[in-house]
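The following note sets out points for a colleague examining this entry. Please read each point alongside the sequence and the coordinates.

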Amino acid sequence: TIALHLYRILQECLQNTIKHANADKIDIVLTSTNNISLLYIDNGKGFETDTSNEGNGLDNMRFRANEAGFTLELKTGTGKGTQILLSEK
């Protein structure tokens with residue numbers, strides 16, 4: 001279901017932030033007007049988005065987003081924190 005996929009993606013985001021990012025702030029914004037969107041932002045150390053650097057977590061999040069009918073946009077970079085936006089297709 002959509003709710004389970006969103007929950008698991010959010011769980012993965014939190015786990016990554018806690019394990020890797022050294023962030024001290026996380027913002028989560030869920031909106032549901034005409035379409036559902038979920039915005040996740042941390043102020044951690046970020047990472048380079050070279051695909052050889054990506055682990056299973058991002059692949060799993062992209063798979064779950066697609067299965068739920070969402071797009072996943074990732075914005076990050078070294079020293080820039082991480083932002084993930086999930087929005088209905």
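What is the order of the strands in the open sheet, and with what pairing? The points below start from that question and refer to a predicted model.

1. The open sheet is built of 4 strands in the order 1-2-4-3, and the pairing is antiparallel. Strand 1 and strand 3 each have a single partner strand and stand at the edges, so one side of each lacks a neighbour in the sheet. From one strand to the next, the twist averages 10°.

2. Strand pairing. Strand 1 and strand 2 are joined in a hairpin, with 3 residues between them, and their antiparallel pairing extends over 7 bridges. Strand 2 also pairs with strand 4, again in the antiparallel sense, over 6 bridges. Leu38 can be followed across these pairings: Leu30 stands opposite Leu38 of strand 2, while the bridge partner of Leu38 in strand 4 is Leu86.

3. Helices on the sheet. Helix 1 lies across strand 1, strand 2, strand 3 and strand 4, and runs at about 5° to strand 2. Helix 2 also packs on the sheet, where it touches strand 3 and strand 4; its direction makes about 150° with that of strand 3.

4. Geometry of helix 1. Just after helix 1, Asn22 adopts a positive phi of about 55°.

5. The buried residues of helix 1 are His5, Leu6, Ile9, Glu12, Cys13, Thr17 and Ala21. Viewed down the helix axis, these buried residues fall within an arc of 135°, so they line one face of helix 1. In general, an α-helix has 3.6 residues a turn, so residues three or four places apart point the same way. On the other side of helix 1, Ala3, Ile18 and Lys19 are exposed. The cover over the buried residues of helix 1 includes strand 1 (26–32), strand 2 (36–42), helix 2 (56–67), strand 3 (70–76) and strand 4 (82–88).

6. Nonpolar core. The largest nonpolar core has 14 residues, of which Met61, Leu72, Ile84 and Leu86 touch the most other members. Helix 1, strand 2, helix 2, strand 3 and strand 4 are the elements that give two or more residues to this core. Residues up to four places away in sequence aside, Met61 touches Ile9, Glu12, Cys13, Asn16, Leu72 and Ile84.

7. Ser87. Apart from neighbours within four places in sequence, Ser87 is in contact with Ile36, Ser37, Gly69, Phe70, Thr71 and Glu73.

8. Gly77. This residue is found in the loop between strand 3 and strand 4, and Gly77 counts as buried at 5% relative accessibility. Which residues are in contact with Gly77, leaving aside neighbours within four places in sequence? They are Lys45, Gly46, Phe47 and Glu48. The C-alpha atoms of Gly77 and Lys45 are separated by 7.9 Å, although these two residues are 32 residues apart along the chain.

How values were computed: Residues are numbered from 1 along each chain as its sequence is written. This is a predicted model: local features need pLDDT of at least 70, side-chain atom pairs count only at pLDDT 80 or more; totals for chains, interfaces and linings use all residues. Side-chain values use heavy atoms; hydrogens and water are left out. Buried means under 20% relative accessible area, exposed over 50%, partly exposed in between (1.4 Å probe, protein chains only). The arc is that of the directions from the helix axis to the C-beta atoms. Contact means heavy atoms within 4.5 Å. A nonpolar core is a set of buried Ala, Val, Leu, Ile, Met, Phe, Trp, Tyr and Cys residues joined through side-chain atoms within 4.5 Å. Two strands pair if DSSP finds at least two bridges between them. Axes are lines fitted to C-alpha atoms, for helices over the stretch in contact, and angles run from 0 to 180 degrees between N-to-C directions.
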